[in-house]
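Take a look at the chain below. This report walks through its sheets, its helices and the surroundings of its ligand.

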Amino acid sequence: MPTDPAPCGVPALALRGVTKRYGRTTALEDVSLGIADGEIVGLLGHNGAGKTTLMSLVAGLLRPDAGEIEVRGVSPVRDPRRARRELGLAPQELGVYPPLTVRQNLAFFAELAGLRGRDVRLRTGEVAEPLGLTALLDRRVARLSGGEQRRVHTAMALLHRPRLLLLDEPTAGVDVETRARLLAFVRELAAAGTAVCYSTHYLAEVEALDASVAILDHGRVIARGTLRELVRSHGDSAVELDFSGAPPALRLPWPVAHEAGVLRVRVERPHSAVPHVLAALGESARRLVNLRVVQPGLETVFLRLTGRRYTDGPDTAGPARDGRAPEADVGAGGSGDGPVPTGERSIEAGRHG
Ligand SMILES: Nc1ncnc2c1ncn2[C@@H]1O[C@H](COP(=O)(O)OP(=O)(O)OP(=O)(O)O)[C@@H](O)[C@H]1O
């Protein structure tokens, strides 16, 4: 979709020192973040980290308690109408009207965005095609699958050709085909100059989008950079072992940690360390259920920076786990020039003992 470049030096989105509180809860604290034209930023953070709050502030749905927000130089607080023309928001909750057809939904939102007549039809076709909605335009939304409804919901944010697109967990609960289609479309939009802020619980999507990353933790941006930069500076490699019963105490020349029943040996060359780790098990080898070599990747960046895995909790069953084959790049670290792994769980050995 065409975009005029922002005035020279003006980023598509800039947050400076933004704080937002809900009563006594501080949802965002002193957040600064910039997104350039054509950049996709994967906004990552555990449940409650502040992702939705950040997007709502940018969209002008909430007001910050402190700090400045600018959408292509326009403040959503001081000039919400102008700021809104520059951005499209697809919130987490579906905002479709089930009794209406896809076309009627799109026309309704196009008119809300100020489009009329021929432009409504033109833009409807423009967003329907890449999202695979053309054949569904005259179907009632109530009759569509969850993934199809999610595509309609995303299309509604794009009708006015926004220069900044805010997608809040756009692939939550969608099928594989919809996910692939959405990811491809987001990449196309970015290639044409649209800036995209994309929140997700699926780390593999960040890689698929070739996105840079901002990690929110308890309302603060704790890391910002390209995937490769973050993995270089914070990604650990390790050998992980699961046991039936409590993990044993091991004497090894590397740091050993017990995390929720998993024994984790942090070691730079995990493949070479495996024989030493197995030798140190002694009698406990009988209770070993699984052993994994973990390469540096976004998952280990998370673990290092937040003390928790990103795939902990209710979202564990995402595509980062079940949509990809386990990595088998034995010996490949995160510092080469190939793709940076995000799931990085190289299953090296199954049941032992
Ligand atoms: N309307 C509200 N009133 C009070 N507290 C709120 C409100 N909305 C969010 N919060 C709190 O603010 C914090 C940030 O919430 P937010 O929804 O922005 O997180 P999130 O990263 O989007 O989470 P999730 O991944 O679960 O969607 C949380 O502690 C949340 O409980």
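**Around the ligand**

Which element supplies the largest share of the shell around the ligand? Helix H1 does, with three residues. This is a predicted model. Both H1 (51–58) and strand S2 give at least two residues to the shell.

The residues surrounding the ligand are Tyr22, Thr25, Ala27, Gly45, Asn47, Gly48, Ala49, Gly50, Lys51, Thr52 and Thr53. By type, three of the shell residues are nonpolar, seven are polar and one is charged.

**The annotated domain**

The unreviewed UniProt entry carries the annotation "domain: ABC transporter" for residues 13–243. Over that stretch, 34% of the chain is helix and 28% is strand. The C-alpha atoms at its ends lie 47 Å apart.

**Strand S1 and its partners**

Strand S1 covers residues 13–22 and runs antiparallel to strand S2, residues 25–35. Seven bridges join them. Tyr22 has Thr25 of S2 as its bridge partner. Tyr22 and Thr25 also belong to the ligand's surroundings. Two residues sit between the strands of this hairpin, and Gly23 takes a positive phi near 55 degrees.

S1 also pairs with strand S4, residues 66–71. Five bridges link these antiparallel strands. Here Arg16 stands opposite Glu68.

Strands of a sheet pair through backbone hydrogen bonds, in a parallel or antiparallel way. Six strands make up an open sheet with mixed pairing, in the order S5-S6-S7-S3-S8-S9. Why is one side of S5 and of S9 left without a neighbour in the sheet? S5 and S9 (220–226) stand at the edges with a single partner strand each, so one side of each has no neighbour there. From one strand to the next, the twist averages 15 degrees.

Within the sheet, S3 (residues 40–44) and S8 (residues 212–217) are parallel and share four bridges. Leu43 has Ala214 in S8 as its bridge partner.

**Helices and their packing**

Helix H6 lies across S3, S6 and S7, at about 150 degrees to S7 (195–199). Helix H8, residues 227–234, lies across S8 and S9 and runs at about 110 degrees to S9.

Is helix H5 mostly covered or mostly open? H5 (residues 146–156) is mostly covered, with nine of its 11 residues buried. Among them are Arg150, Val152, His153 and Met156. The buried residues of H5 pack against strands S5 (87–90) and S6 (164–168). They also pack against helices H3 (102–112), H4 (118–128) and H6 (176–191).

Technical notes. Residues are numbered from 1 along each chain as its sequence is written. This is a predicted model: local features need pLDDT of at least 70, side-chain atom pairs count only at pLDDT 80 or more; totals for chains, interfaces and linings use all residues. A residue is buried if 20 or more other C-beta atoms lie within 10 Å of its own, exposed if 12 or fewer, and partly exposed in between; C-beta atoms are placed from the backbone. Two residues are in contact if their C-beta atoms, placed from the backbone, lie within 7 Å. Two strands pair if DSSP finds at least two bridges between them. UniProt positions are given in the numbering used here, feature names are shortened, and annotations may be inferred rather than shown by experiment. A residue is near a molecule or strand if its C-beta atom, placed from the backbone, lies within 6 Å of it. Ala, Val, Leu, Ile, Met, Phe, Trp, Tyr, Cys and Pro count as nonpolar, Asp, Glu, Lys and Arg as charged, and the others, Gly among them, as polar. Axes are lines fitted to C-alpha atoms, for helices over the stretch in contact, and angles run from 0 to 180 degrees between N-to-C directions.
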